[in-house]
Amino acid sequence: MGSTVTVCEFVCGALLVALGPALLRGQDPSASDEVQALERQRQLTRTALAAEAAGELDRAQAAWAAMLRVTPLVPPPFTSGDPRLLVLAKARALRVAVVERATATAAAADAKALGKPCPQCAATGVLACVVCKGSGLAEVRVGRQLKKEKCEPWEGCPRCRGSGRLGAEAEATRLLLRLSTVAASEAARKDPFTAVRNVLKDLKAPLPFTLAWPVTESERLRRAAPRIPFDADTLKAEAEARLKVAWSDASPLERRHFLAAHALDVSAFARALDHLDDGTDPPSLAQVEREAKPITLAELEAGAAEPFHAYTTTIVVGAAPVGAAAERALPLAGRLFVPDADPRLVEFTAYAPEDLEAFGALERSGFFPAADRLVRVYPPRAVVKVLKELGEGVSIVVTGRIVVPRRGVPACVFEVWRAERADSGGGRK
Ligand SMILES: [Zn+2]
Ligand SMILES: [Zn+2]
């Protein structure tokens with residue numbers, strides 16, 4: 001703490017020196033504003049340094065970010081140049097540290113809950129029957145004829161006792177065993193859509209961890225299935241037929257693996273979007289446009305926007321259109337690739353029509369009760385149309401809303417509610 005106080009005192013000293021002439025001018029109202037700004041900067045600096053010394057990176061980051069909203073800022077001691085740039089750099093660096101810590105925390109929580117994959121059954125919980133190889137039918141010789149007879153397609157793995165994991169926590173084991181059991185019984189159904197729906201219904205809500213099913217045995221079915229999440233209500237006849245054909249060709253073992261894999265994927269999808277359901281009603285487009293305040297990408301990345309959530313803003317960025325491939329935390333189709341943005345700090349997202357279909361499927365599966373309310377007022381086609389027309393590498397102005405993912409990764413999501421070409425300057429040719 002001793003060194004922290006010293007640094008604060010240095011800051012105060014520097015501030016007083018900088019403000020000296022203004023104070024001497026007496027009752028100038030701008031001078032009293034400056035004194036207030038000075039005091040605010042001093043308090044925030046003290047908070048930031050104390051929090052960082054205590055390892056409270058979130059609090060330190062918030063204090064530096066709050067300083068970006070103080071004007072005027074005076075240069076910290078032993079520095080020259082624009083103090084805003086220094087504060088921006090500090091706020092950004094801390095935000096990167098916060099998001100990296102959140103990423104590591106989430107990974108550690110999953111690892112703790114899930115233990116290790118069972119090597120004996122390749123984490124699937126079952127061993128294919130050696131006689132029928134998972135097909136459920138074995139050839140038996142009756143006299144001089146070969147006949148097909150029913151045969152158990154698999155047996156439970158003796159090593160992990162069916163959960164597919166070793167050293168997992170009791171709750172995760174219970175959930176995985178339950179999923180495994182339901183997937184096994186639904187694998188016998190004629191209609192894949194009913195089977196998929198029943199497995200999701202039984203799961204009820206996203207699992208408290210993110211896990212991908214190993215791609216064994218179920219690859220053909222996965223390739224035949226539409227983008228997740230889906231349901232029969234919104235699928236085109238062609239897509240529906242493709243999955244049905246693949247399903248009827250598949251062995252019970254393949255079906256079981258597919259159902260479990262699909263449920264885990266849908267669970268992960270819903271979990272990645274759970275921050276969207278915060279119980280509040282989303283704004284209208286008119287409200288978003290009315291309340292938008294300009295902000296730069298650097299400020300956005302540094303966390304300078306306030307208040308978070310249901311907050312709207314505008315920004316000018318170089319951007320590529322929807323669909324540009326990039327590593328993203330959010331599993332949405334409405335993508336906006338901003339080359340200069342650090343995807344750990346901000347992701348630009350629009351909802352494409354297929355995202356709305358996915359929200360609908362999630363809602364009907366019971367995984368995302370607020371999905372419809374959330375997207376009802378969002379203008380997906382208008383936004384996506386503009387983004388596609390603009391093409392890659394042009395400067396655009398986006399207006400939207402900032403939302404904060406629950407587990408802190410990425411640090412924030414910019415929901416794009418309106419996009420248009422920037423009139424002048426800043427183009428990336
Ligand atoms: Zn068998
Ligand atoms: Zn096993």
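These are my notebook entries on a few things I looked up in this structure, which is a predicted model.

**Entry 1: the core**

I began with the nonpolar cores. The largest one holds 99 residues, and the members that touch the most others are Ala63, Trp64, Val199, Leu259, Ala263 and Val416. Another core lies apart from the largest one; it has eight residues, including Cys118, Val126, Cys157 and Leu253.

**Entry 2: Val199 and its neighbours**

Next I picked Val199 and listed what it touches, leaving out residues up to four places away in sequence. The list reads Val182, Ala183, Glu186, Leu259 and Ala263.

I wrote down who meets whom. From α6 come Ala195, Val196, Val199, Leu200 and Leu203, and from α9 come Leu259, His262, Ala263, Val266 and Ser267. Sorted by kind, the residues of this contact are eight nonpolar, two polar and no charged.

**Entry 3: cis peptide bonds**

Then I turned to the backbone. Most peptide bonds are trans, which made me look for exceptions. Where did I find cis bonds? One runs from Thr71 to Pro72, with omega near -5°. Pro72 sits in the loop between α3 (57-67) and α4 (83-114). Another joins Val409 and Pro410, with omega about -10°. Pro410 is in the loop between β11 (394-403) and β12 (412-421).

**Entry 4: positive phi**

Last, I looked at phi. Ala122 has a positive phi of about 55°, and I found it in the loop between β1 (116-117) and β2 (126-128). Lys133 also has a positive phi, near 55°, and lies in the loop between β2 and β3 (137-142).

Why does Ala122 count as partly exposed? It has 16 other C-beta atoms within 10 Å, and a residue needs 20 or more to be buried and 12 or fewer to be exposed. Lys133, with 16 C-beta neighbours inside 10 Å, therefore counts as partly exposed too.

Definitions and conventions
Residues are numbered from 1 along each chain as its sequence is written. Chains are lettered from A and ligands numbered from 1 in the order in which they are written. This is a predicted model: local features need pLDDT of at least 70, side-chain atom pairs count only at pLDDT 80 or more; totals for chains, interfaces and linings use all residues. A nonpolar core is a set of buried Ala, Val, Leu, Ile, Met, Phe, Trp, Tyr and Cys residues joined through C-beta atoms within 7 Å. Two residues are in contact if their C-beta atoms, placed from the backbone, lie within 7 Å. Helices (H or I, at least four residues) and strands (E, at least two) are DSSP runs, numbered from the N terminus. Ala, Val, Leu, Ile, Met, Phe, Trp, Tyr, Cys and Pro count as nonpolar, Asp, Glu, Lys and Arg as charged, and the others, Gly among them, as polar.
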